[in-house]
Amino acid sequence: MSTAMAQSTFTGPGVADGSAPADGGAISSVVVNNNASTISFTINSTQAMASYIFYSIELQIVGEAGSGYTGHANPWGPSVGISSGENALINTYGTGATPGIYSGGWVMGSGTSYTAGGTGTDSATITVPLSSLGLSIGNSFYFDVVSSYTSPGGQAAYGALDNTGYLPESDNNYMPWNGTSYYDSATSADTTFGTAATLYTVQAVPEPATWALMGLGALAIIRRAVRQKAG
């Protein structure tokens, strides 16, 4: 199995809104990695979580048609989405983290590894097979990560990777889980969605055996050069 990874770090705005912004602070950064078969998202928050933080990761694959129905982005969770088209998502609502692909309708998959998250932690890592998100080597996608923080008053605060300021919703309420509001990555004020700030390309990563062969080839070239110099 490949252990080599391609990696990019996306700096978050560090902005959280709602009645409980201190719970986990806000998204400070998201680190995206891929190897030959999987992709990982490590979400870092600005402070330790006081309670469980839920995440929705939403992808718009460049050049592919997606769902434009914002309120349906998460089939059983918050009303967040990408009105200009969404192809894939990962939710941590419920047990573990579940990936989904849009193909004329949402098809939910499996095979996700979800680590960390919860009281006292300031990061969570989600690893998904590329195929579970409809991705292949060379695909590029724009993405957003939206977080929800639980509190005594319920899920009443959230932040997003793509938004640098105020996070308006359709009803000016900071609870996209109340069934009457939604957060749209594509149209929210101050959004960076659809720019290089939220763009990732799945990289081809050589397998360890390939690296070994490359290393042996380089060593052979060095030895040959040394022999020619000595002669």
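Trainee: Leaving aside neighbours within four places in sequence, which residues is Ser67 in contact with?

Mentor: Ser67 is in contact with Ile82, Gly85, Glu86, Tyr102 and Trp106 once its neighbours within four places in sequence are set aside, where contact means heavy atoms within 4.5 Å. For Ser67 and Glu86, which are 19 residues apart along the chain, the C-alpha atoms are separated by 5.0 Å.

Trainee: What kind of model is this, and how are residues numbered?

Mentor: This is a predicted model, in which local features need pLDDT of at least 70 and side-chain atom pairs count only at pLDDT 80 or more, while totals for chains, interfaces and linings use all residues. Residues are numbered from 1 along each chain as its sequence is written, and side-chain values use heavy atoms, with hydrogens and water left out.

Trainee: Where does Ser67 sit, and is it buried or exposed?

Mentor: Ser67 is placed in the loop between strand E5 (53–61) and E6, with helices (H or I, at least four residues) and strands (E, at least two) being DSSP runs numbered from the N terminus. Its relative accessible area is 7%, so Ser67 is buried; the cut-offs are under 20% relative accessible area for buried, over 50% for exposed and partly exposed in between, with a 1.4 Å probe and protein chains only.

Trainee: What about Asn87, where is that?

Mentor: Asn87 lies in the loop between strand E6 (80–81) and strand E7 (88–91), and it is buried because its relative accessible area is 3%.

Trainee: Which backbone oxygens does the Asn87 side chain reach?

Mentor: The side chain of Asn87 reaches the backbone oxygen of Ala65 at 2.8 Å and that of Glu64 at 3.5 Å. A polar contact is a pair of N or O atoms within 3.5 Å; within protein, one must be able to donate a hydrogen and the other to accept it, and residues adjacent in sequence count only if both atoms are side-chain atoms. Beyond its neighbours within four places in sequence, the contacts of Asn87 include Gly100, Ile101, Tyr102 and Trp106.

Trainee: Ile101 came up there, so which residues does it stand opposite?

Mentor: Ile101 in E8 stands opposite Ala88, and Ile101 also stands opposite Val107 in E9. E7 and strand E8 (residues 98–102) pair in the antiparallel sense over 4 bridges, and E8 and strand E9 (residues 106–108) do so over 3 bridges, where two strands pair if DSSP finds at least two bridges between them.

Trainee: How many residues are between E8 and E9 in the hairpin?

Mentor: There are 3 residues between E8 and E9 in that hairpin, and Gly104 in the turn has a positive phi of about 80 degrees.

Trainee: New topic: how many aromatic pairs does the structure hold?

Mentor: The structure holds 7 aromatic pairs. One of them is Phe41 with Phe141, a tilted pair at 6.5 Å centre to centre and 50 degrees between the planes. This pair links distant parts of the chain, with Phe41 in strand E4 (residues 38–45) and Phe141 in strand E12 (residues 140–149), 100 residues apart. The rings of Phe141 and Phe143 have centres 6.0 Å apart and planes at 70 degrees, so that pair is edge-to-face. Rings of Phe, Tyr and Trp (its six-membered ring) pair if their centres lie within 6.5 Å, with planes under 30 degrees apart counted as stacked, over 60 as edge-to-face and the rest as tilted.

Trainee: Which residues form the aromatic cluster?

Mentor: Phe10, Phe41, Phe141, Phe143 and Tyr200 form one aromatic cluster.

Trainee: And which residues have the most contacts inside the largest nonpolar core?

Mentor: Ile39, Phe41, Phe141 and Phe143 have the most contacts inside that core, which has 31 residues; E5 gives the most to it, with 5 residues. A nonpolar core is a set of buried Ala, Val, Leu, Ile, Met, Phe, Trp, Tyr and Cys residues joined through side-chain atoms within 4.5 Å.

Trainee: Last one, what does the side chain of Asp144 reach?

Mentor: The side chain of Asp144 reaches the backbone nitrogen of Leu161 at 3.3 Å and makes a polar contact with the side chain of Ser185 at 2.5 Å. Asp144 lies in strand E12 and counts as buried because its relative accessible area is 0%.
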